Amino acid sequence: KARKNPFNLYLLYLAIPDVMFSLNCGVTCLLNALAGEYYSKWMCNFQQWYLVFGIGANAWVNACVTRELYTMLSYGNQRRRYLTPT
């Protein structure tokens with residue numbers, strides 16, 4: 001029932017980039033800590049990639065959620081029925 005609500009899905013989609021970022025950061029930081037230095041040049045490049053991905057994904061999803069919330073609040077202010085996205 002909770003997955004049928006579009007706003008719950010928005011919250012879920014907000015969490016996906018953060019979870020991916022946290023898991024990737026945890027793995028690379030653990031490998032670097034166990035090795036006592038940078039694990040490899042490839043891992044450093046991978047870390048740069050997922051940092052850019054995490055920042056971009058969060059910005060994009062936040063923009064989508066903000067737009068929907070703005071639309072919902074605008075419709076409420078105008079006393080219009082808001083149709084949830086499907």
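**Exercise 1. Determine how many salt bridges the predicted model contains, and characterise the residues involved.**

*Solution.* The model is predicted, with local features requiring pLDDT of at least 70 and side-chain atom pairs pLDDT 80 or more, whereas totals for chains, interfaces and linings use all residues. Numbering runs from 1 along each chain as its sequence is written, and side-chain values use heavy atoms, without hydrogens and water.

Step 1. Apply the criterion: a side-chain nitrogen of Lys or Arg lies within 4 Å of a carboxyl oxygen of Asp or Glu. The count under this rule is one salt bridge.

Step 2. Identify the pair: arginine 67 bridges to glutamate 68, and their closest N and O atoms are 3.2 Å apart.

Step 3. Classify each partner by relative accessible area (buried under 20%, exposed over 50%, partly exposed in between; 1.4 Å probe, protein chains only). Arginine 67 is exposed because its relative accessibility is 56%. Glutamate 68 is buried because its value is 13%.

**Exercise 2. Describe the secondary structure and overall dimensions of the chain.**

*Solution.* Step 1. Assign DSSP runs, numbered from the N terminus: helices are H or I of at least four residues, and strands are E of at least two. The chain has two helices and zero strands.

Step 2. Compare the radius of gyration, taken over C-alpha atoms, with the globule rule of 2.2 Å times the number of residues to the power 0.38. The chain has 19 Å, while a compact globule of 86 residues would have a value near 12 Å.

Step 3. Examine the principal axes: the C-alpha trace spans about 60 × 25 × 15 Å.
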